[in-house]
Amino acid sequence: MAEETQSPYGEYKFVARLDHIKTFNQAIKSICFNDYGMLQVSEDGLRITVEQGKSIQATLFMPPGAFKEFFVQDFQSFGLKMNVLSECLNLFGPADCSLRMMFRDQGDPLRITLYPYEDEDVSTECAIKTMDCEEPIDYDKNLKDTDVNVIFVKGPNLSKVFHELEKSAEEFEFVTSPDRPHFKITTVGIMQAVFSVEVAKTSPMMMMFNCKQTVVARYKSQQIRMTNKAMQSATKVAIKTNSIGLLELHLVMQGEGQEEIFVQFFIIPLLHTD
Amino acid sequence: MKFRALMQDPLYMREFQAIVATLAKLAKDCVMILGSRQMHFIVNEDQSSAASPLVWASIAAEEYFPEYRMEAARPDQEYIVLGMSSANLGRAFSVLRGGGVNSCKLKLQRIQFPCISVIASVLLSSSTEAREVVHDVPVTIIPASDWSAYVVPRVPNSQLALSLPSLRLLRSLIDKLKNVSPSLEFQASFDGELNVIATSEMSTVTSRFQKLLIRNLVGSQQETSCSVDSRKASAFFGALQLPNDELTIGIDREHSIHLQIDVRQDVVLHSILPAVCM
Amino acid sequence: MKYTLEGSNARVIAKAVQSLSKVGKEMFIEIDQQSLQMRAINATQSAVGSISFKRSVFEVFDAPNSDFYCKISMKGCLAVFRNMNEVEYCELNILDNQTNLQVNLRCKLETTKEATISIIDDQNINTNINTDQMPNLIRGDHKLFTDISSNFNSSEEELTLEANSGSVVAKNYIEGARVNDKFMRTQLKLKPSEFDQYQVTKETIITFCIKEFRAFLLFAECLNASLTLEFDDAGMPFLLKIKKHAEIECLLIMSTLSPDDVSFSEDYCQRDLTVQDADVRETVSKGKNSAPGPNVTSKRKSSTSETAAVQPKRRLEDSQLETSLETPLFQFRHSEAPSVQQPRILAEVDTVVLIEDEAEQEALMLAAADAALEASMAPAPAPPNSTEVCFFNTDSSKEGRPPETSSEDDETIPQSPERPNKMRTIFSRCFQSTYVPREPSPNTQIYAPNSDTED
């Protein structure tokens with residue numbers, strides 16, 4: 001006890017400060033597709049993971065450098081309600097705020113305080129209840145094979161392509177291939193119509209194109225659309241698929257003068273029925 | 001029974017439009033009380049069920065209307081009291097929002113039923129002549145025997161009234177807090193601090209506004225607080241269409257909160273949020 | 001068959017699709033030697049819009065050997081032409097024995113979008129209205145009409161124009177018609193000088209649907225073009241025309257509400273519903289209610305073997321189902337939320353139900369008149385036996401009108417009768433000093449209701 005009170009952080013095992021909440025807020029919003037999230041902090045940084053069923057997972061990752069101040073003692077991990085976290089970051093609407101995050105110990109709430117820049121006499125503190133949680137699923141190793149198709153695309157351009165996909169479709173079919181069509185998305189399940197979009201590998205939106213095999217896989221359109229919000233604030237996106245069609249979207253978001261923060265999606269393909 | 005009024009100043013017309021638009025956002029119907037020198041609007045005077053708060057606006061006629069003539073039905077009566085759809089009224093005055101309105105007349109008349117005709121004369125860029133746009137807002141005339149139900153509310157007492165210099169942050173905050181908790185606790189202290197507290201099963205949100213100007217202090221208590229329905233609070237803030245940013249919050253301990261916006265000297269918008277049991 | 005356009009022209013086509021999508025759920029496309037036309041008809045068949053693009057709009061224009069027409073779903077069409085900003089080049093192809101329309105959009109950044117929309121039917125609509133000569137014509141900039149339209153609520157269904165040589169008044173009501181006492185009347189008085197061309201030789205009051213009018217106004221805005229309104233008397237068709245550089249021509253034909261007040265018998269109506277233009281005129285002049293409408297004739301291509309093979313069953317049903325499109329175009333239906341709300345005290349709403357047999361007979365006669373035309377099955381429009389034709393009594397007789405409202409006397413309003421019961425005292429009590437206006441917390445449960453003696 002005596003040792004702990006000497007630390008400038010007192011009893012707190014995790015304290016972090018951010019100068020601007022905008023990017024963090026956007027990143028949290030972009031993964032809010034399910035109620036519960038798992039927060040993990042270690043010396044590597046902060047990770048918040050959201051899953052839905054076993055078919056989609058999103059992880060926000062912020063390295064310590066993305067924070068103005070970052071302190072963690074041991075490895076901390078707890079569950080929390082994502083919409084509560086998101087609501088809390090949105091309390092002042094579009095007004096820019098700085099933020100402080102503090103966590104004492106297992107079972108204690110996560111304390112987030114917002115300080116809006118436009119009025120130094122105003123602040124708000126949210127104490128968010130935390131709970132125990134399971135470990136997130138690890139899809140990562142599946143995509144470390146050497147035969148993975150990898151495409152790096154400029155975020156805003158890809159966002160537009162995804163955004164314009166016909167919303168009434170039930171499924172999307174993705175093709176990544178060394179040959180034409182290099183990258184193609186086709187709608188499945190629309191009455192009386194089929195829509196597709198194709199991007200040539202020579203397109204200026206492609207930053208890197210490295211496909212060794214032709215992979216054709218279908219995904220639930222609803223799950224692809226869950227990435228839209230993240231895509232809108234991404235500067236760069238890496239699209240990776242392995243031979244069975246496990247899809248990873250790795251998005252890079254650039255904070256205001258800060259280091260990059262990352263959002264990673266894993267989406268499981270639908271089984272081929274025909 | 002006669003009523004006629006005329007507005008000509010574009011700034012005043014826009015202000016008047018903003019008041020009416022605020023009322024239109026708050027409730028379906030409103031009551032217009034026309035006195036010899038004052039005009040009042042009341043919405044949600046019946047507080048029994050609605051999720052929106054009681055709001056009223058009192059306007060000194062001479063502030064806005066260079067011409068204002070009111071004749072009650074009988075010489076011994078002081079008012080004309082009318083009920084109408086606030087949405088219709090809002091739409092009728094929305095023409096004042098854009099520029100180019102020369103003048104705007106209000107006239108109580110009977111067409112097939114009584115209505116307030118809003119006659120705007122709009123100057124066009126393409127032509128030298130003005131175009132007349134007329135909206136006839138149907139009204140019901142409320143007989144004197146029922147007036148007791150439509151008295152302009154009195155500003156309630158409060159132990160402490162604080163003046164907030166800027167509405168912006170509070171407005172966004174209250175809008176978000178209504179999703180956190182169905183009730184909000186307002187705590188004010190004599191050293192000029194206002195705390196707004198929302199508690200839910202999953203979180204507690206405490207917002208602090210410091211260094212506020214004290215408008216009114218009664219008694220020697222250091223602190224006073226009141227919990228109100230967050231939907232009502234949010235409805236009031238969400239409806240505001242006025243350019244004014246300053247707001248006075250008066251707290252009557254565990255009784256009510258009074259919100260006041262001084263549009264100008266004799267044009268004031270009020271709201272009362274009654275306390276809820278905690 | 002192939003048609004290609006440069007990006008900016010494709011964006012104009014996209015706007016045309018968007019405007020037509022506000023009219024109907026199906027898109028009819030017709031291609032002849034000179035132009036491509038797109039058409040839509042509204043659900044109540046009271047408005048038909050058509051937008052025609054001359055072949056000069058296209059870079060490649062494969063003129064068909066004989067006129068080509070087809071019907072596709074508007075939804076699909078709208079989906080292709082939704083995001084057009086990036087489009088540099090557009091190619092339309094009629095594929096696979098005319099069963100599919102393929103749209104290929106070449107966009108910036110070497111992106112290609114492609115859509116294949118199936119052709120539902122080889123069906124067309126047209127009307128036999130004479131669109132040349134109308135006694136009244138007013139033309140003005142789209143901004144003027146946007147200005148007029150913006151004064152009316154978006155939920156409004158009809159617009160009434162009172163036109164004479166000195167002015168035109170736009171209203172959301174018909175003068176003298178009894179309206180609901182919650183209905184807000186709006187009027188706008190316009191002078192001839194506000195229009196580019198103003199020629200009103202026949203004083204008239206006409207009422208038409210505002211929704212389709214707004215849809216075309218939107219397109220005029222996109223073209224930055226002026227609009228021409230042409231009309232005759234109430235009950236006669238109303239035309240809206242837009243022209244741009246002789247390359248794009250739009251025509252919106254709408255039925256107008258007949259203002260006649262004469263109660264009419266059902267048989268009269270049935271006859272009127274299917275009479276041709278000239279007869280309508282005659283009926284109107286007799287002061288009878290009429291469903292002013294030309295017919296939609298449904299054409300199908302003279303039996304090409306492919307079509308027959310694709311849809312072998314239809315042919316058998318043709319004669320029975322023909323009527324669905326042979327019934328007149330222009331009927332007014334006030335089924336959902338009429339802007340002039342009921343109840344109108346003076347008004348009676350007459351619902352005329354077409355008797356199937358007669359309607360069919362009529363239709364067969366018309367079909368016989370044009371032996372070349374073939375009927376078709378139209379899935380969308382309501383079958384004739386459910387076609388409702390509603391008329392409002394509009395009380396246009398001068399004597400019936402209430403006195404003019406502008407006179408000073410009318411400002412004096414007699415006191416309403418006093419309310420018998422004491423009511424609404426909850427509020428006043430709230431501000432008595434003895435009363436604590438506390439509400440139950442919204443999150444607490446109420447176990448017993450208020451025992452309020454005043455209620």
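# Exercises on a predicted model

In this predicted model, pLDDT stays under 50 over residues 419-437 of chain C. For that stretch the model has 35 contacts beyond four places in sequence. Keep this in mind as you work through the exercises.

## Exercise 1: Confidence by chain

Task: Find the mean pLDDT of chain C and of chain B, and say where in chain B confidence is lowest and where it is highest.

Solution, step by step:

1. Begin with chain C. Its mean pLDDT is 68, and 56% of its residues reach 70 or more.
2. Now turn to chain B. Here the mean pLDDT is 91, with 97% of residues reaching 70 or more.
3. Finish with the elements of chain B. Confidence is lowest in β14(B), at a mean of 84, and highest in β13(B), at 96.

## Exercise 2: Where chain A meets chain C

Task: Describe the interface of chain A and chain C: how many residues are in contact, and what area is buried?

Solution, step by step:

1. Count the residues. On chain A, 18 residues are in contact with 18 residues of chain C.
2. Look at the area. The two chains bury about 1,500 Å² between them, and carbon and sulfur atoms give 47% of this.
3. Ask which residues of chain A lose the most area to chain C. They are E164(A), Q192(A) and F195(A), together 36% of what that side buries.
4. K160(A) forms a salt bridge with E86(C), with the closest N and O atoms 3.1 Å apart.
5. In chain A, α4 (155-163) and β13 (193-199) each supply at least two residues of the side that touches chain C. β13(A) gives the most, with 7 residues.
6. Sort that side by class. It has 9 nonpolar, 5 polar and 4 charged residues.

## Exercise 3: A pairing between chains

Task: Which strand of chain C is joined to β13(A), and how do the two run?

Solution, step by step:

1. Find the partner strand. β13(A) is joined by 7 bridges to strand β9 (residues 111-118) of chain C.
2. Check the direction. The two strands run antiparallel.
3. Pick out one pair. V199(A) has T111(C) as its bridge partner in β9(C).

## Exercise 4: Local details

Solution, step by step:

1. Start with the whole structure, which holds 28 salt bridges over all chains.
2. Take one of them: the side chains of R17(A) and E69(A) meet at 2.6 Å, N to O.
3. R17(A) lies in strand β1 (residues 14-18) and E69(A) in strand β5 (residues 69-72) of chain A, so the pair ties together parts 52 residues apart in sequence.
4. Move on to P181(A). A cis peptide bond joins R180(A) to P181(A), with omega about -15 degrees.
5. End with K211(B). Its phi is near 55 degrees, a positive value in a residue other than glycine.

Key. Residues are numbered from 1 along each chain as its sequence is written. Chains are lettered from A and ligands numbered from 1 in the order in which they are written. This is a predicted model: local features need pLDDT of at least 70, side-chain atom pairs count only at pLDDT 80 or more; totals for chains, interfaces and linings use all residues. Side-chain values use heavy atoms; hydrogens and water are left out. Contact means heavy atoms within 4.5 Å. Buried area is the accessible area (1.4 Å probe) that two parts lose on being put together, summed over both. A salt bridge is a side-chain nitrogen of Lys or Arg within 4 Å of a carboxyl oxygen of Asp or Glu. Helices (H or I, at least four residues) and strands (E, at least two) are DSSP runs, numbered from the N terminus. Ala, Val, Leu, Ile, Met, Phe, Trp, Tyr, Cys and Pro count as nonpolar, Asp, Glu, Lys and Arg as charged, and the others, Gly among them, as polar. Two strands pair if DSSP finds at least two bridges between them. pLDDT is the predictor's confidence in each residue, from 0 to 100.
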